[in-house]
2 protein chains.
Amino acid sequence: MVEKFKEPQDSQTAEVDFGDFRMTKQRRAVFDVLHAERDHPTASEVYIRAKEQMPSISLATVYNCLETLTQAGLVKQVNVDREASRYCPNLKPHAHFFCSHCQEVYDVDLRPSADAVEPWALPEGSIVEHVEVAMKGCCPNCRGAGTKANA
Amino acid sequence: MVEKFKEPQDSQTAEVDFGDFRMTKQRRAVFDVLHAERDHPTASEVYIRAKEQMPSISLATVYNCLETLTQAGLVKQVNVDREASRYCPNLKPHAHFFCSHCQEVYDVDLRPSADAVEPWALPEGSIVEHVEVAMKGCCPNCRGAGTKANA
DNA sequence: GTGAATGCAAAACCTTTGCAACTGG
DNA sequence: CCAGTTGCAAAGGTTTTGCATTCAC
C-alpha cells in the first residue's frame, strides 16, 4: 500500500534526485505515519506516532526525515500561523482549510482546469514556482452544529 | 501622513473595536515604522527601526503592538515558511510573492473583480473568513539579471 | 567499507508571559 | 485616577546543530 517510492505521484515530482535518497527504516516509518492517517500532523505528532512502531526513533530524526521527504517531493510542508509546521502526503495541487471551530485541517482541491495564480495580478515576467494557499473559517460540519462546536 | 487611525482603509476593517484601543507612543512608533518603508519587516526588524526613534522601546512591546495593530485590522501578519512573521500595512486584499533570488517580498494585487477563493473547490457550506496566499519564485528583476542574482 | 543517517543533548530562534512601574484618556 | 501598557528577564515551544555511533548501499 505504500510501495511506490519511485513512482512520481503526479507531474510535480520532476527534479527529484532519488539517486541521493537512502531509504532508511526511519524515513519509511515517517512516510508511513503520514499516509496512515492523512490528517495533517505536526513534527511532534509524527514523532509520537512513529515511536509506537519504532520506539528508538528520535525527534531530530523525524525532523530530518520530514525535511528529506519534503525535498524529495514525497511530502508537503504546510505552514500556517505561528504554530508548528504540519505535513501532508497529498501531492496534488491543493489548498488548506483550517476550521477555527473544530481545529481540523482540510485539503481543498483545485477546481478542474482552474489555476491557483489566476486571480492575482502578477507583474509581467514573474516566475511562480510554488503557491501556498491557506484559508481559515468554518467548515460545513461545524456550521451545521452551531457556531461553538466542540465547546 | 499617518493621521488616519480611525478611518477604515477598506471594507475589511468592519468589526474593529477602537473604543478599546489606546494609542500609545510605542504603538504609533511601530505603526509608523511599517508605513515608512512598506517592505515586510519581521518583529525584530521593526524593533531595530523603532529603537532609532524610541531607544527605550522593548522587543516584547513591539510584539504587543504588532499584535494589537493586527487585531485592530491596521496591519496584516504574513506567515511563510518557518521564518519569523512579517508585517505589512497594506490592507487591500493581496497575496505575497517571495523572490528566492533577491529575498524580497512583494505584494500582489487581486485582479479586478477576481476572487481569491474562485479556483478552489470548497465543500458546500464552508465559510471562508480569511485567505492567505504566498507564492515563491523569481521576480522580473532577478529574472532579467540572470538566474543567480545577488550572488 | 564508507559516506550518509541516526540519536542524544544542548543550543538557537521566535514568541509569550509574569510582574512591578508607568501612562494615556 | 486606574485600567491598560510598558520594559525587563525568564520561560515556552519549535527547529537546528554537533558529534559519536550505526546503518544502507
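How many bridges join strand 5 of chain A to strand 5 of chain B? Eleven bridges join the two strands, which run antiparallel; strands pair if DSSP finds at least two bridges between them. This is a predicted model: local features need pLDDT of at least 70, side-chain atom pairs count only at pLDDT 80 or more, and totals for chains, interfaces and linings use all residues. Residues are numbered from 1 along each chain as its sequence is written, chains are lettered from A, and side-chain values use heavy atoms, without hydrogens and water.

**Extent of the interface**
- Contact (heavy atoms within 4.5 Å) involves 44 residues of chain B and 44 residues of chain A.
- The buried area is about 3600 Å², and carbon and sulfur atoms give 58% of that. Buried area is the accessible area (1.4 Å probe) that two parts lose on being put together, summed over both.
- On the chain B side, B:Arg82, B:Pro119 and B:Trp120 lose the most area to chain A, together 22% of what that side buries.

**Polar links**
- There are 24 residue pairs in polar contact between the chains, both residues at pLDDT 80 or more. A polar contact is a pair of N or O atoms within 3.5 Å; within protein, one must be able to donate a hydrogen and the other to accept it, and residues adjacent in sequence count only if both atoms are side-chain atoms.

**Strand 5**
- Strands are DSSP runs (E, at least two residues), numbered from the N terminus.
- Strand 5 of chain B supplies twelve residues, the largest share of the side that touches chain A.
- A:His130 stands opposite B:Lys136 in strand 5 of chain B.

Methods: Helices (H or I, at least four residues) and strands (E, at least two) are DSSP runs, numbered from the N terminus.
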